[in-house]
Amino acid sequence: MDRFALVLTIIGALNWGCVGLFNFDFIAWVFGGSTATVSRVIYAIIALAGLWCISLLFRERDRHKIEEL
């Protein structure tokens, strides 16, 4: 689940990079516009993946604390 969330977050980051640099929304282009239902679902899934990845920060820190003991 962690890797899947990370891949989705990277895809979202690359998409936002394209929007910022080239004014091109790849997800909207592929799925029929930014207001299309499929695009909105994908945006929501990527947002959830980003929230999931926040937990990776804390789990990594906890793992290092355990190794130090």
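Me: In which helix is the place of N15?
Reply: This is a predicted model, in which local features need pLDDT of at least 70, side-chain atom pairs count only at pLDDT 80 or more, and totals for chains, interfaces and linings use all residues. Residues are numbered from 1 along each chain as its sequence is written, and side-chain values use heavy atoms, with hydrogens and water left out. Helices are DSSP runs of H or I with at least four residues, strands are runs of E with at least two, and both are numbered from the N terminus. On that basis, the place of N15 is in helix α1.

Me: Is N15 buried or exposed?
Reply: Buried means under 20% relative accessible area, exposed over 50%, and partly exposed in between, with a 1.4 Å probe and protein chains only. The relative accessible area of N15 is 6%, so N15 is buried.

Me: Which residues does N15 touch, not counting residues up to four places away in sequence?
Reply: Contact means heavy atoms within 4.5 Å. A polar contact is a pair of N or O atoms within 3.5 Å; within protein, one must be able to donate a hydrogen and the other to accept it, and residues adjacent in sequence count only if both atoms are side-chain atoms. A polar atom of the N15 side chain lies 2.9 Å from the backbone nitrogen of F26. With residues up to four places away in sequence left out, N15 touches F24, D25, F26, I27 and Y43.

Me: Which residues do ring pairs link into a cluster?
Reply: Rings of Phe, Tyr and Trp (its six-membered ring) pair if their centres lie within 6.5 Å; planes under 30 degrees apart count as stacked, over 60 as edge-to-face and the rest as tilted. F24 and W29 form a tilted pair, 5.7 Å centre to centre with 55° between the planes. The rings of F26 and W29 have centres 5.8 Å apart and planes at 40°, so this pair is tilted. The cluster linked by ring pairs is F24, F26 and W29.

Me: Why are F26 and W29 separated by about one helical turn?
Reply: F26 counts as partly exposed at 42% relative accessibility, and W29 counts as exposed at 57%. The separation is about one helical turn because F26 and W29 are 3 residues apart in helix α2.

Me: Which element gives the largest share of the nonpolar patch?
Reply: Patches are made of residues with over 30% relative accessible area and no salt bridge: like charges are joined within 9 Å, nonpolar side chains (Val, Leu, Ile, Met, Phe, Trp, Tyr) within 5 Å. L21, F22, F24, F26, W29, V30, F31 and V38 make a nonpolar surface patch of about 860 Å². Two or more residues come from each of α1 (2–22) and α2 (26–31). The largest share, 4 residues, comes from α2.

Me: How many residues apart in sequence are the parts that the pair of R59 and D2 ties together?
Reply: A salt bridge is a side-chain nitrogen of Lys or Arg within 4 Å of a carboxyl oxygen of Asp or Glu. The side chains of R59 and D2 meet in such a bridge at 2.8 Å, N to O. Because R59 lies in helix α3 (residues 37–68) and D2 in helix α1, the parts tied together are 57 residues apart in sequence.

How values were computed:
Areas by Shrake-Rupley, 256 points an atom, 1.4 Å probe, with all protein chains shown as cover.
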